[in-house]
Amino acid sequence: MSAVKALAIDLETERADQDADAPSKTTRRGTLQSASWFAWFSHLSIGRKFQVFFLGNLAFALAAGLFVIAGYIQLGDNARQIAVEHDFAIDGERLVAVLSEAQRHSEMFVARGEEERAIAALAELSNAETKIAELRTKLIGEDLNALDRLALIEGGVEDFRRQIRAFDPSVVNAARRESQAIEVEATGSLTLDAARDLAAQLNDNATTIAGDGEALIGTLLVTFIACAGVLIALTLFAMTYFDRNVGGAIKGMTADMKKLATGDNDVAISGKHRRDEIGDMARAMGVFHRGAKRLEKLARERAELAN
């Protein structure tokens with residue numbers, strides 16, 4: 001067979017192979033369900049591979065951004081709740097201070113019988129009622145347990161005021177006067193203890209909310225670092241993949257083409273099994289390679305005939 005006929009047969013065979021490959025490209029989508037992800041990805045064109053990496057990074061970055069934004073929104077809500085709880089705790093401490101003063105004045109009143117002490121104690125109790133009303137307004141819809149404690153304190157303040165007013169230091173009967181003094185001191189102590197329990201509860205709530213805020217900050221920081229690490233890893237993987245799989249293949253084909261251009265036909269065309277543009281280029285270069293070898297054979301045949 002002459003070199004010209006062989007070259008023509010090779011060209012016809014290459015066209016037939018390309019035509020046979022065309023239906024497989026149209027039916028490739030149907031086989032993706034059973035193929036692995038890597039097999040599916042390797043069948044994509046270079047442009048599609050770039051799109052997959054870009055869209056994957058973009059989708060992950062958007063998801064991570066939305067997560068971080070939601071976290072910061074929650075952190076803002078947590079900060080506002082911390083401020084509210086600290087306000088409650090401060091109001092509770094102020095209530096304890098007022099009731100402590102009322103208790104101190106009442107103890108001096110029942111011990112010495114000084115009327116100005118009774119007036120001062122009643123004034124502090126009125127101040128305590130104002131504090132209770134302000135704290136109740138703030139606690140409505142926030143802490144039902146604290147509201148229940150506040151109602152007990154309010155009842156204790158009423159009893160405390162009533163007993164201070166009922167105490168008469170001029171009573172001749174010492175036993176009765178002692179009994180009234182004990183009742184005044186006991187009611188004041190119970191009311192003050194209830195206020196201290198309420199203040200402790202409000203302080204605990206503020207501390208818990210603050211701890212939750214610190215934990216949320218730590219979670220957001222770890223999430224941000226993890227997302228950044230994943231994005232960096234994906235980017236490095238994409239860079240390595242395209243450098244080796246695309247850049248390396250193109251460099252190899254460039255070296256083969258240079259050899260062919262210099263007349264060196266002793267080359268092995270790699271990448272003809274690929275399903276992307278590089279594979280198309282390798283198969284096309286294989287045709288030129290075979291054609292060059294056939295032409296070289298034809299030249300030898302002509303030289304033999306000439307001799």
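1. Let's start inside helix H3. Asp 91 and Arg 94 sit three residues apart there, so about one helical turn lies between them. Their side chains meet in a salt bridge, with 3.7 Å from N to O. Keep in mind as you look that this is a predicted model.

2. How many salt bridges turn up in a search of the whole structure? The count is 12.

3. Stay with H3, which covers residues 46-112, and find Leu 55 in it. Leu 55 belongs to a nonpolar patch on the surface, together with Phe 54, Leu 58 and Leu 62. Taken together, these four residues have about 420 Å² of accessible area.

4. Now see how H3 packs with helix H4, which takes in residues 115-139. Their axes are 8 Å apart, and the angle is about 160°. Angles over 145 degrees count as roughly antiparallel, and therefore H3 and H4 get that label. As for handedness, H3 and H4 cross in a left-handed way.

5. What kinds of residues make up the contact of H3 with H4? Sorted by class, there are 15 nonpolar residues, nine charged ones and three polar ones.

6. Move along to H4 and helix H5, where H5 spans residues 144-166. Here the axes come within 10 Å, crossing at roughly 165°. That angle makes H4 and H5 roughly antiparallel too. The crossing of H4 with H5 is left-handed, and the crossing of H3 with H4 is left-handed as well.

Technical notes
Residues are numbered from 1 along each chain as its sequence is written. This is a predicted model: local features need pLDDT of at least 70, side-chain atom pairs count only at pLDDT 80 or more; totals for chains, interfaces and linings use all residues. Side-chain values use heavy atoms; hydrogens and water are left out. Patches are made of residues with over 30% relative accessible area and no salt bridge: like charges are joined within 9 Å, nonpolar side chains (Val, Leu, Ile, Met, Phe, Trp, Tyr) within 5 Å. Accessible areas come from the Shrake-Rupley method with a 1.4 Å probe; for residues, only the protein chains shown count as cover. Helices (H or I, at least four residues) and strands (E, at least two) are DSSP runs, numbered from the N terminus. Axes are lines fitted to C-alpha atoms, for helices over the stretch in contact, and angles run from 0 to 180 degrees between N-to-C directions. Angles under 35 degrees count as roughly parallel, over 145 as roughly antiparallel, 65 to 115 as roughly perpendicular and the rest as oblique. A crossing is left-handed if the near helix is turned anticlockwise from the far one by less than a right angle, and right-handed if clockwise. Ala, Val, Leu, Ile, Met, Phe, Trp, Tyr, Cys and Pro count as nonpolar, Asp, Glu, Lys and Arg as charged, and the others, Gly among them, as polar.
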